[in-house]
Amino acid sequence: MSLLVRPAKRKLDEVEGQERRVAQRFDNHINHHHHHHHHNNNNNNNNNNYDRQGSRSHGLMRSPATTTGRSRSQTASVDTNEQNAFAEQPLADRDLTSNRASPIPFDSPLEAQRVFNQSASIVLIGIRGTGKSSLAVILAATFGRRLIDADQYFEQMTGRSRAAFKKEYSIIEYRQQEARVIDSMLADHRDGCVIACGPGSMERTGQRLLREYAKTHPVVHVVRDPESIQAYLQAWDTARVRRFLELSGPLYRACSNLEFFNLPETAGEDHSISSSNSNNSNNNHHHNNNSSSKECQSLDHRLQSSTPFLTLKRLQRDFLRFIAFATGNFSHLRKQQASFPLSLLPIESRTYTYAVSVPLSALLERELDIEDLESSSDAFELTIDMANPPSMQLGLDSAFADRISQTVSTIRRHIIVPLIYHVESEMPPRSPSPTSHGGCTPGHARRPEEAYMELIRHGLRLAPEFLTVDLSYSDSLLSQVIAIKGSTRIIGHYAGPPHGWDEAEHMQRYDRARRLGCDLVRLSQPATSIDDNFAVQRFRHRIDSLPGPHPPIIAYNTGLLGRLSGVYNPILTPVTHRSLAAGGGGGGGGSGGNNINGGGGTISSELSPCLDVQQAREALYASFTLDPMRFYVFGANTTYSLSPAMHNAAYKLSGLPHMYSIHQSPTLRGLHEIVENPYFGGSSVSLPYKTEVIPLLHSMSPHARAIGAVNTLIPIRHFDTPDLPPSSASSPSSPAPAWLALERSRAGPVKALHGDNTDWIGICNCIRRGLSPANAVRPATTGVVIGAGGMARAAVYSLIHLGVQNIFVHNRTVAKAEKLAAHYNRQQALYPPVPTTNKPTVHVLPSLQDPWPTGFKQPTIVVSCIVAHSIDGQPPPNFRMPLQWLESPTGGVVVDLAYKPLNTPLIMQMRALSHRGWSALDGLDVLPEQGFAQFELFTGRRAPRRLMRAVVLEEYRGEEGQYDPSAMRTRLQRLDGQPN
Ligand SMILES: O=C1C[C@@](O)(C(=O)O)C[C@@H](O)[C@@H]1O
């Protein structure tokens, strides 16, 4: 049949050609996005790029102007099939509810194993306006995958757009053609691609093929809030979008095995910038050039740096993390995890870890601060404590599913610890269906298997690190869950009535969970007496002494009487948080035993935790299980150090009785005084001892060794520890040494010292934060480091870690720069994970008058490591970047390590270039970032990041003691949702 157009060779070549354009599209896309949010802001970089590419039909997000243009041309010919969601003719409600909008009735839910080949193509599906295309571009650019857009593919294959095709042929012919196109699109691109499918691909054949594909490939349903979708589409109203989302949800969910909620960009900087610009656009239509640049200057002043082009940063981070969890491929994530040494250890290998347990109902009903909830706990447990609202559709209510997805995305944006997804097996009291089973709190009914399973299935789609499954359900349900767990680890969970830990029942339950394949087992029951706390300890010991490998056990008593066992349960004890206590105040005890917050269909339970992290930690120290330790910053001149304030505040918030103080000494010998103290916990090392201290060390981390400088000292108390890394340990990319997991808070004589370096982590994170997606590191990326001391060495190492292959060093004394370059060029062999083709090279830039070296791209990363204040009467160096090194068309990021003063000539220079895409970060940005890792190394606990940042900004005093609280507050707000 002539209708089934065979793809012409040339057309196919064009499709192939897309690959090469990905990077370009990415840059371009960033600008689109920027325009979209800040279209009145003439401050935009890269207008050329935008104009050059703007007319091409990418199906990417567009500026409002192009959006309107596109939707008009598109809708002119779109048929009435509801699956083409956003037709010009608004759909009548009748159309929306007609059964044609519902999924074809698959007889069973999609039971994909969610275990994928590493190179398996990733498919993104979703209605229009959810951001599939941006996400596809992010994935393609990050992993060098080929990008295929289903609508474009249709056009390449048939020589016509969908719309044109439908005009020319009958709807039946169109559907046949579409079936053929999607079949070849999926089948011919099974590996190495990112495939973005809009509503046009959701014809019946498409649904069937996608379902099939989802058995072996990640098929991600992309969801977004109706407001953002509406704003993007500029069509319909929000209520209608919402209804459409609800109706189409089941269809998309039936054809996908994963789900990502694309959060709106409203927080922090982006919000403040776009809102002030929109005011502007109303009033100053004619001279918006002027006013918007003025506006930007004043914003600039307030924000210290204006960074609208960083809009997609959070989305990029969120989505890449999601993909890592979803596919179980962590190689990309691992680099980021180096920022948090504890991330490199399996959580069950650490002792006394606590999971803050947060009910969904509380998150939906109240304004809770997720970073605050997470701070200092070791995992975040979301408990689904609400019933699935009755819905017209069978299965999980679409709007409820959206809310769960949105909540999970929001949590993940703010946390760095693992996420546990837990569905309460009990139904809220007013629910119908009172099928009672053993194991329930009296007065509550257990969720019916199918209702429970729906929520579990949905949870697995969100790829949490852990998911609990209630052991009171049948073997067949448990096996089903374990069969589709993918990369998620399953905690077999049972919270039952008091039975006695010495009786056979709990052991049988544990054995059953183990037999079925649970990765961990969690058992609890209310305590009826203090003695129950010792009984559970005996039970745990019995499990620990079982022969052979067996899943770790989490066992504790609930209720006020059971708190002691919660403190001593070694891994992942569920705990509550002060801010969840109903009346506030009163700590965990106040919320004692029940967590209800005024009904609302939530579950009240005596099984909710009634202990918080601080209380648990305090109990460990008060009972002499752990010891209060002493920490220091050691240097020749550390009087102004902000580290004591930063660390002490963090200890306090985390319930750690440690103390951090300044230890100043004119010689290295001063170190002995602090190390001799049996309570010595560790020390920051300041100038000038970062390299001098090396000969005193027993061992060094691979990072510190590669850099040749140390800023963190950790005491070694047990040489016999088998895990202790020998000095010549692992490569720089290897996981953290297991001894990190050992309890760090135990006093005793110090036998030796271990050295690490976290300065490079601080620099790395600041670069990452300031680098726009358009400047993502590629083989041609270059960076400049100013200075040649210990910090400069750390800076070069950061660039190497980020994958920069050509690093240029400038120093006033050229010989020192040459020494630094030689240090790294010599130890090339130290980077086994870097393929031989892209070993980094460090070059020297002898003079600021020189042109930028030919053959190299202009730098997009600059790190300045020179002190900006006068030392010993010497004038400050007043460094500025030579203009001929600042010609990067996409700007870049500057990190200036100085913080006295904050506004160095370099920072001022770069801030003035923000309209060209430059962002600037200073010493106050770097200090907390290196401090988080240090805190983890010192304490074996997660650092309360927001608090540490806040303390640094609050305690900072400029050269003359001046302090600008509002500027500092703004800086802090900008950091929301940027945990790394
Ligand atoms: O360089 C510094 C600054 C510091 O020494 C301080 O004085 O706060 C703390 C160190 O951890 C860090 O490497």
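**Close-up 1. Asp-151 and its salt bridge to Arg-128.** Asp-151 is partly exposed, at 24% relative accessible area (buried means under 20%, exposed over 50%, partly exposed in between; 1.4 Å probe, protein chains only). The model is predicted: local features need pLDDT of at least 70, side-chain atom pairs count only at pLDDT 80 or more, and totals for chains, interfaces and linings use all residues. Residues are numbered from 1 along each chain as its sequence is written, and side-chain values use heavy atoms, without hydrogens and water. Arg-128 is buried, at 15%. The two side chains meet at 3.9 Å, N to O (a salt bridge is a side-chain nitrogen of Lys or Arg within 4 Å of a carboxyl oxygen of Asp or Glu).

**Close-up 2. The salt bridge between Arg-522 and Glu-381.** The closest N and O atoms are 2.7 Å apart. Arg-522 lies in strand 13 and Glu-381 in strand 7 (residues 379–384), so the pair ties together parts 141 residues apart in sequence (strands are DSSP runs of E, at least two residues; helices are runs of H or I, at least four; both are numbered from the N terminus). Both residues are buried.

**Close-up 3. The salt bridge between Arg-949 and Glu-929.** Here the closest N and O atoms are 2.8 Å apart. Arg-949 sits in helix 35 (residues 945–955) and Glu-929 in helix 34 (residues 923–939), so the pair ties together parts 20 residues apart in sequence. Arg-949 is buried, with a relative accessible area of 4%. Glu-929 is buried too, at 1%.
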